[in-house]
Amino acid sequence: MDDATGETTISIQEYLEEVEEQELEADLVLGGDEGKECTYTKGYMKRQAIFSCLTCIPDGNGGVCTACSLSCHDGHEIVELWTKRNFRCDCGNSKFGEFFCKLLPSKDIENTENRYNHNFKGLYCTCSRPYPDPDVEEQVDMIQCCICEDWFHGEHIGLDSANEIPTDEEGEPLYEDFICQECSVNCSVVTRYPKIMLTAVRQDTTLDTTKTTDDMVEEKPSGSNLDCAMTSPDHETLSVIEDITGETSLKIPESSSSCVLMSVDDDLVTAPPLEKAQPLFLAKGWRSVLCRCEKCTNSYKEKGIGFLLDREDSIFEYEKLAKEKRDEKLQQQEGVELNFLDRLGHVEKMEILSGIADMKNELHSFMESFDPSKTITSEDVHQVFENLAKKRRRM
């Protein structure tokens, strides 16, 4: 805080780090999409960033891709929905009336497989409030259900307190995915897997990664709000692995053809319905444990949750691919810069290097002469560049 003006100040390094952090966050949400082309031609994408335009569709029953939100709906009231699965860009179809997509005018009348909820109206959670909420002074983080993809306040997910959400000492989640109360009934099959798959909803809960395979297979949940029966999978089909987060998880070999939820009489063990709807928190790597035999796969599809078997459906994989695209793009940019210098002649190279040296010297002189007790203002920065320009003119 600057004592003279009362304004908050930050260092150049802090500013650059903040900008880089914001760019990374944007890249993770957009999945590496630079927003230059409409994604309609890619069909129903497994996952992509989606936006709702309330200017064009106040009822909130349409969604557009990143490129269309920038090119076709610039200046409109846009709702950022983060990501949605199995969605195709609606921009310019029958939902938009006489409005046509500027990037790809020729589209089907309607995308029948798209699914919409109140998020498209800018509302979230069971309380149907907007985010950020204009009636709340301090905004709180929300968590997303991996099934319905709605967002929820911690106080509205069915727990006695948001403090019961399993997090570490720094407030970081111990779970990979969350299933809301309404969706938990349809997904009760996940309660049939080892306890490491379910992070118990207790204030003293910690994820014990020191258990042996037998411990994780045999142990039943007790004394937790997830008090439900579990049938242990066949020991031979399970192996303890280190996932990319470095935490222990269970994995069923992809080559396994037998059902790991088969009872003694060789009937498929059907997960009993939960006694009551309850939020479920699933440990890291939980999707890799789900049985992929024919019966189980068909069961997932019948319940409309077949996407759980697709690794690329998870937010973790989506962000992982986004990071890879970002790193690749940065490497390409560095390569372009190097190629640019290589194509220059000796005189041009010397001029660029001389310009860099002049800027370095000017900044160094400025910092040496500047009073460290004062704040660097925009006028000071302009003066630095004005001095450089004067020097160039004299040369």
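**A walk through the model**

Tutor: Leu 282 is buried, with a relative accessibility of 0%. Bear in mind that this is a predicted model.

Student: Which strand is Leu 282 in?

Tutor: Leu 282 lies in strand S8.

Student: And how far is Leu 282 from Ile 179, C-alpha to C-alpha?

Tutor: Their C-alpha atoms are separated by 8.0 Å, although the two residues are 103 residues apart along the chain.

Student: Switching to charges. How many salt bridges are there?

Tutor: The count comes to 11 salt bridges. One of them joins Arg 47 and Glu 149, at 2.9 Å from N to O.

Student: Where do Arg 47 and Glu 149 sit in the chain?

Tutor: Arg 47 is in strand S1 (residues 45-53), and Glu 149 is in the loop between strand S3 (142-144) and strand S4 (151-153). The pair links distant parts of the chain, 102 residues apart.

Student: Is Arg 47 buried or exposed? And Glu 149, buried or exposed?

Tutor: Arg 47 counts as buried at 7% relative accessibility. Glu 149 counts as buried too, at 6%.

Student: Which residue does Arg 287 form a salt bridge with?

Tutor: Its partner is Asp 177, with the closest N and O atoms 3.7 Å apart. This pair also links distant parts of the chain: Arg 287 is in the loop between strand S8 (280-283) and H5, Asp 177 is in strand S5 (residues 175-179), and they are 110 residues apart.

Student: Why do Arg 287 and Asp 177 count as buried?

Tutor: Buried means under 20% relative accessible area. Arg 287 has a relative accessible area of 7%, so Arg 287 is buried. Asp 177 is at 10%, so Asp 177 counts as buried as well.

Student: What about the pair Lys 36 and Glu 34?

Tutor: Their side chains meet in a salt bridge of 3.2 Å, N to O. Lys 36 is exposed, with a relative accessible area of 63%. Glu 34 is partly exposed, with 44%.

Student: Now a helix. Which residues of H5 are buried?

Tutor: In helix H5 (residues 294-302), the buried residues are Cys 296, Thr 297 and Tyr 300. They are on the same side of H5, because they cover an arc of only 100° around the axis.

Student: Why would residues three or four places apart point the same way?

Tutor: An α-helix has 3.6 residues a turn, so residues at that spacing point the same way.

Student: And which exposed residues are on the face of H5 turned away from the buried side?

Tutor: That face carries Glu 294, Lys 301 and Glu 302. Just after H5, Gly 304 takes a positive phi of about 80°.

Student: On to the surface. Which residues form the nonpolar patch?

Tutor: Met 359, Leu 363, Met 367, Ile 376, Val 381 and Phe 385 form it, with about 520 Å² of accessible area together. Helix H7 (346-369) and helix H8 (378-394) are the elements that give two or more residues to the patch.

Student: Which element gives the largest share?

Tutor: H7 does, with three residues. Met 359 has its place in helix H7 and counts as partly exposed at 35% relative accessibility.

Student: Which residues gather in the patch of negative charge?

Tutor: Glu 14, Glu 17, Glu 18, Glu 20, Glu 21, Glu 23 and Glu 25 gather there, on the surface. Glu 20 is found in helix H1 (residues 12-30).

Student: Last topic. Where is Asp 327?

Tutor: Asp 327 is in helix H6 (residues 315-343), and it counts as partly exposed at 42% relative accessibility. The C-alpha atoms of Asp 327 and Gly 32 are separated by 9.9 Å, with the residues 295 residues apart along the chain.

Student: And Lys 107, buried or exposed?

Tutor: Lys 107 is buried, with a relative accessible area of 16%. Lys 107 is found in the loop between strand S2 (78-87) and S3. Lys 107 and Cys 89 are 9.4 Å apart in space, C-alpha to C-alpha, and 18 residues apart in sequence.

Key
Residues are numbered from 1 along each chain as its sequence is written. This is a predicted model: local features need pLDDT of at least 70, side-chain atom pairs count only at pLDDT 80 or more; totals for chains, interfaces and linings use all residues. Side-chain values use heavy atoms; hydrogens and water are left out. Patches are made of residues with over 30% relative accessible area and no salt bridge: like charges are joined within 9 Å, nonpolar side chains (Val, Leu, Ile, Met, Phe, Trp, Tyr) within 5 Å. Accessible areas come from the Shrake-Rupley method with a 1.4 Å probe; for residues, only the protein chains shown count as cover. A salt bridge is a side-chain nitrogen of Lys or Arg within 4 Å of a carboxyl oxygen of Asp or Glu. Lys and Arg count as positive and Asp and Glu as negative; His and the chain ends are not counted. The place of a charge is taken as NZ of Lys, CZ of Arg, CG of Asp or CD of Glu. Helices (H or I, at least four residues) and strands (E, at least two) are DSSP runs, numbered from the N terminus. Buried means under 20% relative accessible area, exposed over 50%, partly exposed in between (1.4 Å probe, protein chains only). The arc is that of the directions from the helix axis to the C-beta atoms.
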